[in-house]
Every structure is written in C-alpha cells, then in structure tokens.
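Visitor: Hi, can you walk me through this one? I'd like to start with the contacts and then look at the strands.
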Amino acid sequence: QVQPGRLATGSSSTHRVLRYVGCRLNNGAFTFGTAGIIQAAFDVLGADLVPAATPIDSSLTDLGHSAWSSTNVAVVLSSGSTIDVCLKSLTATHTNDLDGDQYCLSNGSVRDDIPRGFVGANGQLVALFDSDAMVKQALADTDASIVVTVQRGTGSGTVGNEKLVLTYPAV
C-alpha cells in the first residue's frame with residue numbers, strides 16, 4: 001500500500017486546495033550557475049487526490065524561506081585531496097525510478113502502490129581546471145567525489161539558517 005504522504009496545491013484566487021495522498025518523490029533536479037538563484041524541479045507521484053470542500057488550514061503559516069542564490073553554494077571536488085577547480089555550472093539529477101502504473105479497478109482506478117525502482121544520480125558539470133590532475137585520474141580510472149553544500153546562516157534548520165548537502169562519493 002502507498003504510504004500516506006501528502007502534498008497540497010492550490011490557488012489563492014479560488015481558495016480551493018487539492019490534497020494529494022500517497023505521494024512519493026519520483027525525481028528531482030538541481031541546477032547551480034555562477035549567478036542567480038538555484039533552480040530546483042521535482043516530479044511527485046501521488047496515489048489519489050481529494051478535493052477539499054472547506055479550507056484545510058484557514059491560516060497557513062509562512063515559514064519565510066528565501067531562495068538560495070549562487071553565492072550560498074560551496075563545491076568541493078576531491079580524490080584523496082582537494083582538486084583546484086573553477087566550477088562554471090553544475091546540474092544534478094536524482095531519480096527513484098517509481099512505477100506509477102499500478103492502478104486497480106477494484107479501488108476506483110486509484111494507484112494501489114507506487115513501487116520504488118533503482119535509485120540513480122547523474123548530472124553534468126562545466127569547469128576550468130588549473131592542472132591536468134583530473135585528466136590523469138580519469139585515464140587511471142580513479143574515482144573522485146563531489147560535495148555540494150548550500151547554506152545560509154549557521155545551517156541549523158531555523159528560519160534564515162538553512163542547509164542542504166548533496167554528496168556524490170564516486171564520479
């Protein structure tokens with residue numbers, strides 16, 4: 001059975017909210033550039049949706065998150081030691097390979113399950129290197145790691161102190 005994760009979408013002009021139940025994250029992508037805000041896109045699959053006749057929460061709380069910008073990003077590329085690099089852009093995509101075709105006639109054509117597939121990660125980076133160290137490592141079939149940290153303030157998780165770390169141990 002699909003777990004009871006929830007996601008709500010709506011429009012302030014109509015005051016209507018659709019509540020999706022049984023949600024799982026299918027894939028997500030982050031794009032980091034040298035300027036501007038960090039872009040994120042997510043594909044969420046849900047088992048069913050429930051239109052709300054009345055407001056689910058008539059006084060929503062705004063937690064005040066501001067978008068992260070490229071100035072909040074730190075990237076470490078290493079293979080035993082840190083590799084000096086000028087990173088121009090980075091796109092990282094994560095996938096859970098969910099099977100969204102598990103509809104059942106016996107329960108009103110609602111998804112009965114959203115089985116997980118193989119987890120995957122891929123991406124692309126554009127960088128300027130000061131030496132040929134990465135070329136030598138690639139020719140020697142040596143793995144390198146990438147750690148991307150996006151942080152504002154202390155990173156403690158309170159308002160204005162957010163943190164996200166993406167770690168790729170073998171690239």
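Guide: Here is a short tour by topic, starting with the ground rules. This is a predicted model, where local features need pLDDT of at least 70, side-chain atom pairs count only at pLDDT 80 or more, and totals for chains, interfaces and linings use all residues. Residues are numbered from 1 along each chain as its sequence is written, and side-chain values use heavy atoms, with hydrogens and water left out.

Visitor: OK, how many salt bridges are there?
Guide: The count is three, taking a salt bridge as a side-chain nitrogen of Lys or Arg within 4 Å of a carboxyl oxygen of Asp or Glu. One of them joins arginine 24 to aspartate 113, at 3.8 Å from N to O. Arginine 24 lies in strand 3 and aspartate 113 in the loop between strand 9 and strand 10, so the pair ties together parts that are 89 residues apart in sequence. Strands here are DSSP runs of E, at least two residues, numbered from the N terminus.

Visitor: Is arginine 24 buried or exposed?
Guide: Arginine 24 is buried at 12% relative accessibility, while aspartate 113 is partly exposed at 22%. Buried means under 20% relative accessible area, exposed over 50%, and partly exposed in between, with a 1.4 Å probe and protein chains only.

Visitor: And which residue does glutamate 162 meet in a salt bridge?
Guide: Arginine 152, at 2.9 Å from N to O. Glutamate 162 and arginine 152 are both buried.

Visitor: What about aspartate 132 and lysine 136?
Guide: Their side chains form a salt bridge too, at 3.7 Å. Aspartate 132 is partly exposed at 42%, and lysine 136 is exposed at 53%.

Visitor: Switching topic: how many disulfides?
Guide: Zero in the whole structure, where a disulfide is a pair of cysteine sulfur atoms within 2.5 Å. Cysteine 23 is buried at 18%, and cysteine 86 is partly exposed at 39%.

Visitor: How do strand 3 and strand 4 pair?
Guide: They run antiparallel over seven bridges, and alanine 29 has alanine 41 in strand 4 as its bridge partner. Their hairpin has six residues between the strands, and glycine 36 there takes a positive phi near 90°.

How values were computed
Two strands pair if DSSP finds at least two bridges between them. Helices (H or I, at least four residues) and strands (E, at least two) are DSSP runs, numbered from the N terminus.
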